[in-house]
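Please read them alongside the coordinates.

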Amino acid sequence: MQNNLDNSVLKVEGLSIAFGGLKAVDNLSFEIKEKEVFGLIGPNGAGKTTAFNCITQFYKPDSGSIVFKDRSGNVHNLLEKNVHDIVKLGLVRTFQNVELIRELSVIDNVLIGAHVDFKSTIIDQALRLPRARKEEKKYRAEALRVLGILGIADRADLPAGGQPYGVLKKVEFARALMSNPRLIILDEPAAGLNDIETAELSKLIRKLRDELDCSILLVEHDMRLVMDVCDKICAISFGKFLAVGTPKEIKENKDVQVAYLGIEVEENA
Ligand SMILES: Nc1ncnc2c1ncn2[C@@H]1O[C@H](COP(=O)(O)OP(=O)(O)OP(=O)(O)O)[C@@H](O)[C@H]1O
């Protein structure tokens, strides 16, 4: 594919998908730059989840294009890929629901759920042959590095059951980060967190961007977090593009104020 992304990692153009007669996403376009924290906001039912399900190919859109640039600079048409290919290209997502095995340690939960492809066979692993041991050592080291970035390496060997919710969410993050992503989609990461944890999340998102050298697409309802951490924000309403800009520009945009923040803007006010 031709390289037409310049310094962007993801370009979505004219994305549309309908469920029955309902246009969940309607001709939506935006692009995410390298090392950008990009927010996608909108009220309930605006089409945010549907849009990122189209990006990760969980849904195939009715029309539009979605292109992604991997770490080697190759540009891929994501519509030709399946969900598993997407992860291998370096585009991962986190899930709102934390699903861990309580009896296993934190690090084993990361390894089990990580998007990594083990090269050793099940027999290699069952017999603990050198190839399997070497591979396990490599991934354990990587899991420890990721847990370190998230500030929970000291809990690696503790059982996941009984850890605070904020820690469990980080374990869920760690799984996604194991595949050296170029772009991470965070699906409402602040859901269920208290104010202190949400403030910490802001710092963590920037740290992930810097230390993992990646871009972040943040889909989030918590406006304080979005305004604090995003470099750029795209606002949508009823599946349609409404505005894109810096947090300040989005805050001051009258259409956004009316559609999202519930503020009635008086003319000549
Ligand atoms: N699989 C589906 N089948 C039918 N309708 C769907 C499906 N998924 C989403 N929708 C509808 O598409 C619209 C957009 O939903 P979507 O979940 O993408 O919004 P959202 O912005 O993520 O909302 P929220 O903030 O509540 O998560 C809604 O009207 C929703 O009911």
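1. Helix 1 supplies three residues to the shell around the ligand, the largest share. Helices here are DSSP runs of H or I with at least four residues, strands are runs of E with at least two, and both are numbered from the N terminus. The surrounding residues are F19, L22, A24, G42, N44, G45, A46, G47, K48, T49 and T50; a residue counts as near the ligand if its C-beta atom, placed from the backbone, lies within 6 Å of it. Strand 2 (22–33) and helix 1 (48–55) each provide at least two residues of this shell. By class, the shell has four nonpolar, six polar and one charged residues, where Ala, Val, Leu, Ile, Met, Phe, Trp, Tyr, Cys and Pro count as nonpolar, Asp, Glu, Lys and Arg as charged, and the others, Gly among them, as polar.

2. The model is predicted, and local features need pLDDT of at least 70, side-chain atom pairs count only at pLDDT 80 or more, and totals for chains, interfaces and linings use all residues. Residues are numbered from 1 along each chain as its sequence is written.

3. Helix 1 is mostly covered, with seven of its eight residues buried: K48, T50, A51, F52, N53, C54 and I55. A residue is buried if 20 or more other C-beta atoms, placed from the backbone, lie within 10 Å of its own, exposed if 12 or fewer, and partly exposed in between. Q57, which follows helix 1, has a positive phi near 70°. Helix 1 lies across strand 3 (37–41), strand 6, strand 7, strand 8 and strand 9 (232–237), and runs at about 145° to strand 8. Contacts require C-beta atoms, placed from the backbone, within 7 Å; axes are lines fitted to C-alpha atoms, for helices over the stretch in contact, with angles from 0 to 180 degrees between N-to-C directions.

4. Which order do the six strands of the open sheet follow? The order is 6-7-8-3-9-10, with mixed pairing; two strands pair if DSSP finds at least two bridges between them. Strand 6 (91–93) and strand 10 (240–245) are the edge strands, each with a single partner, so one side of each has no neighbour in the sheet. On average, neighbouring strands of this sheet are turned by 20° against each other, direction ignored.

5. Within this sheet, strand 7 (residues 183–187) and strand 8 (residues 215–219) are parallel over five bridges, and I185 stands opposite L217 in strand 8. Strand 3 and strand 9 also run parallel, joined by four bridges; F38 has K232 in strand 9 as its bridge partner.

6. Five of the six residues of strand 9 are buried, so strand 9 is largely enclosed by the rest of the structure. Strand 9 pairs with strand 10 in the antiparallel sense over five bridges, and the bridge partner of I233 in strand 10 is G245. Two residues separate the strands of this hairpin, in which F238 takes a positive phi near 50°.

7. Strand 1 (residues 8–19) pairs with strand 2 in the antiparallel sense over eight bridges, and S8 has K33 in strand 2 as its bridge partner. The two form a hairpin with two residues between them, where G20 in the turn has a positive phi of about 60°.

Terms used:
Contact = placed C-beta atoms within 7 Å.
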